Amino acid sequence: MRRLLAFSLALLLAQGQEYRALPGADTGRPDLDHSYALVYPAPRPKALLLVPGLLGGSTNFALLAEHLRALDPDLEVWAWERRANGLEDRRGFLQEDPVAYYRRMPLPDLTPLRAWGLEVHLKDLDLAVEEARRRAPVVLGGHSLGAALAGLYALLHGEKLSGLVLLDGAPGVARLTEEAFYEGTDLPFGRFVGYRAFLRGEGSPVVEFLGLGPKALALAEAEAFLAARRPEEVLPFGPYRATREALALLRVDDDYSLLPVFSVGVGRAWAREGFSLLGLLQGRLVRTVRGPRAGPVAWRDTGKATDPRAFLRAFALPETGFSEWYFPYRLLLEVGGYPYVLRGLKPRALPYPVLALGAGRGLYPRAEDFPLGELFPGTEARAQVLPGLTHLDLLTEREGRTAGLLLRYLQGLGLLGPGGPP
């Protein structure tokens with residue numbers, strides 16, 4: 001195990017990153033009472049701490065961090081990771097065949113996740129902010145559900161921050177009615193277990209829907225990890241054959257994914273195509289791949305928002321990855337019903353401007369969709385939408401538009417010098 005940890009640490013350091021365990025809220029499990037951060041250190045830092053969204057891991061921010069650091073090396077980026085990462089078995093990424101390893105992956109004891117709700121995660125985040133503040137003033141940012149967490153944290157502890165960034169999300173992004181929160185509701189993909197039933201032990205302690213569960217997320221990371229290293233290797237794909245690169249990217253590209261909120265614009269398959277019946281039932285033209293008449297299904301970089309090979313390269317590291325395999329169902333439930341969990345929480349003015357960035361094909365496609373005045377009355381706030389981007393493209397897009405807007409915001413706060421993007 002020591003050799004494994006030493007090797008994975010060496011890989012991270014070679015890429016200018018450090019993976020750190022941070023103090024966490026005390027739940028009586030010292031082995032699990034930690035959160036984590038993938039840190040891009042700087043010698044004279046100003047810190048930007050970023051919180052990933054639903055099912056998101058720290059490498060959600062890897063490409064964004066690279067753009068930010070290229071624009072200003074004095075910016076220290078902390079890509080935060082919630083405590084459930086302590087349950088992930090990452091040893092497969094140091095095996096010859098990670099896919100085979102994770103096909104056999106047994107699930108750990110998931111009982112502790114039943115106690116990991118909004119209160120625990122906000123305390124974890126508070127301790128992470130305190131760790132980052134030892135290095136520099138902290139601007140807190142979040143994406144999607146992570147923006148909801150960041151916004152709630154600012155309402156509770158805004159005085160500890162030097163700025164707030166909401167990326168295609170805000171408190172209320174997964175809003176539940178009081179009845180749905182307590183009693184549950186029926187959704188197209190199954191029953192959404194309510195709070196009272198969950199506390200009685202009903203339902204899974206982890207988020208699982210539409211095939212997105214711990215094993216599927218682990219396998220997706222393993223496939224992307226191998227595809228980044230052997231993109232042209234050919235494998236069976238139903239009755240056809242496909243390159244590893246195509247197999248990995250067909251899961252996530254916006255033309256082929258059945259889950260728009262988890263898709264990116266990364267190119268196009270080289271294949272005969274049809275349309276998915278499930279996609280049509282959603283009211284979307286989702287393509288399916290039937291295979292070319294000769295040769296394997298391959299992948300083309302068509303210049304869409306996200307560079308496919310850069311995306312695969314950043315998807316999984318030995319220590320961490322793009323996904324949170326064991327996302328606590330209680331956290332999703334309590335973020336959606338935060339007005340009933342944090343009953344004393346009130347809107348407040350913040351002593352610094354707030355930046356909100358939406359994605360034109362994301363959750364907040366219009367600037368006015370952000371409830372900034374409602375949450376932070378009397379606060380200077382700016383909302384802007386980047387047209388054409390999916391919800392995840394906002395973090396992974398190749399041109400660095402998101403990074404440029406973040407740098408200008410940080411410069412406006414006086415935390416960075418006037419250099420950087422025009």
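Predicted model: local features only at pLDDT ≥ 70, side-chain atom pairs only at ≥ 80, totals over all residues.

Visitor: In which helix is Tyr 329, and is Tyr 329 buried or exposed?
Guide: Helices (H or I, at least four residues) and strands (E, at least two) are DSSP runs, numbered from the N terminus, and Tyr 329 belongs to helix H12, residues 329-336. Buried means under 20% relative accessible area, exposed over 50%, and partly exposed in between, with a 1.4 Å probe and protein chains only. The relative accessibility of Tyr 329 is 10%, so Tyr 329 counts as buried.

Visitor: Which residues is Tyr 329 in contact with, leaving aside its neighbours within four places in sequence?
Guide: Contact means heavy atoms within 4.5 Å. With the neighbours within four places in sequence left aside, the partners of Tyr 329 are Phe 192, Val 193, Phe 198, Ser 204, Pro 205, Val 206 and Val 207.

Visitor: How many aromatic pairs does the structure hold, and how are the rings of Tyr 182 and Tyr 195 arranged?
Guide: Rings of Phe, Tyr and Trp (its six-membered ring) pair if their centres lie within 6.5 Å; planes under 30 degrees apart count as stacked, over 60 as edge-to-face and the rest as tilted. The structure holds 19 aromatic pairs. For Tyr 182 and Tyr 195, the centres are 6.3 Å apart and the planes at 70 degrees, so this pair is edge-to-face.

Visitor: Which parts does the pair of Tyr 182 and Tyr 195 tie together?
Guide: Tyr 182 is buried at a relative accessible area of 16%, and Tyr 195 is buried at 14%. The pair ties together parts that are 13 residues apart in sequence, because Tyr 182 lies in helix H6 (residues 178-183) and Tyr 195 in helix H7 (residues 195-199).

Visitor: How are the rings of Phe 311 and Phe 315 arranged?
Guide: Phe 311 and Phe 315 are 4 residues apart in helix H11 (residues 308-315), so about one helical turn separates them. Both Phe 311 and Phe 315 are buried. Their ring centres are 5.4 Å apart and their planes at 70 degrees, so the pair is edge-to-face.

Visitor: Which residue lies over the face of Phe 225?
Guide: Phe 225 forms one aromatic cluster with Phe 93, Tyr 101, Tyr 102, Trp 325 and Tyr 326. A charge sits over a ring if NZ of Lys or CZ of Arg is within 6 Å of the ring centre and within 35 degrees of the ring normal. At 3.6 Å from the ring centre of Phe 225, the residue over its face is Arg 229.

Visitor: How do the axes of helix H2 and H11 cross?
Guide: Axes are lines fitted to C-alpha atoms, for helices over the stretch in contact, and angles run from 0 to 180 degrees between N-to-C directions. Angles under 35 degrees count as roughly parallel, over 145 as roughly antiparallel, 65 to 115 as roughly perpendicular and the rest as oblique. The axes of H2 (residues 62-71) and H11 come within 9 Å and cross at roughly 105 degrees. H2 is therefore, relative to H11, roughly perpendicular.

Visitor: Where is Ser 144 found, and what is its phi?
Guide: Ser 144 is in the loop between strand S5 (138-143) and H5. With 9% relative accessibility, Ser 144 counts as buried. Its phi is positive, in a residue other than glycine, and is near 60 degrees.

Conventions:
Residues numbered from 1 in each chain as written. Heavy atoms only, no water.
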